[in-house]
Amino acid sequence: MNDLNEQLKKLFPDHQPSNEPEQVEDTPHELYVQKEPMICQYEKRKGKPTTIISGYEGADEDFKILAKEIKSKFAVGGSFKDGEIIIQGDYRDKIMQFLKDKGFKTKRVGG
């Protein structure tokens, strides 16, 4: 730790370190809950089953956060492309229940 402080002093000789704790605002991120239902559909792409979730009206960043939550909760692979969450495998029922628990309306499409 001391070596790091010495290196920082060499890089920034005029800097005076502060011992005051940094204040960080801890505000939980709220997802936009929409009025229209999100579409949860099943497709086969290249012979493999996929679950596609689309129809989110909020910001893309929020949809990406939701995609990450779904992928980690169900331990599945997937991606976020063109306003859609693409999940590997048929997880429609589990994902729809997860979204309902979060307060979203869902609509099942296909198969």
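Me: In which sense do β3 and β4 pair, and over how many bridges?
Reply: In this predicted model, the pairing of β3 with β4 is antiparallel and covers 4 bridges.

Me: Which residue in β4 is the bridge partner of S79?
Reply: The partner of S79 is I86.

Me: And how many residues lie between β3 and β4 in the hairpin?
Reply: The hairpin has 2 residues between its strands. In the turn, D82 has a positive phi of about 50°.

Me: What about β2 and β4, how do they run?
Reply: β2 and β4 run antiparallel and are joined by 4 bridges. Within this pairing, T51 has I87 of β4 as its bridge partner.

Me: Let us take the whole sheet. What is the strand order?
Reply: The sheet is open and has 5 strands, in the order β3-β4-β2-β1-β5, with mixed pairing. β3 (78–81) and β5 each have a single partner strand and stand at the edges, so one side of each lacks a neighbour in the sheet.

Me: What is the average twist?
Reply: From one strand to the next, the twist averages 25°.

Me: Which strands does α2 touch?
Reply: α2 packs on the sheet and touches β1, β2, β3 and β4. The direction of α2 makes about 15° with that of β4.

Me: And α3, which strands does that helix touch?
Reply: α3 also packs on the sheet, where its contacts are with β1, β2, β4 and β5. Its direction makes about 165° with that of β5.

Me: Staying with α3, which of its residues are buried?
Reply: Helix α3 spans residues 92–102, and its buried residues are R92, I95, M96, F98 and L99.

Me: Why do they line one face of the helix?
Reply: Viewed down the axis of α3, the buried residues fall within an arc of 160°, so they line one face.

Me: Which residues are exposed on the other side of α3?
Reply: On that side, D93, K94 and D101 are exposed.

Me: What do the buried residues of α3 pack against?
Reply: They pack against the strands β1 (38–45), β2 (48–54), β4 (84–88) and β5 (106–109), and against the helix α2 (60–74).

Me: Last one: which residue follows α3?
Reply: G103 follows α3, and the phi of G103 is positive, near 105°.

Conventions. Residues are numbered from 1 along each chain as its sequence is written. This is a predicted model: local features need pLDDT of at least 70, side-chain atom pairs count only at pLDDT 80 or more; totals for chains, interfaces and linings use all residues. Side-chain values use heavy atoms; hydrogens and water are left out. Buried means under 20% relative accessible area, exposed over 50%, partly exposed in between (1.4 Å probe, protein chains only). The arc is that of the directions from the helix axis to the C-beta atoms. Contact means heavy atoms within 4.5 Å. Two strands pair if DSSP finds at least two bridges between them. Axes are lines fitted to C-alpha atoms, for helices over the stretch in contact, and angles run from 0 to 180 degrees between N-to-C directions.
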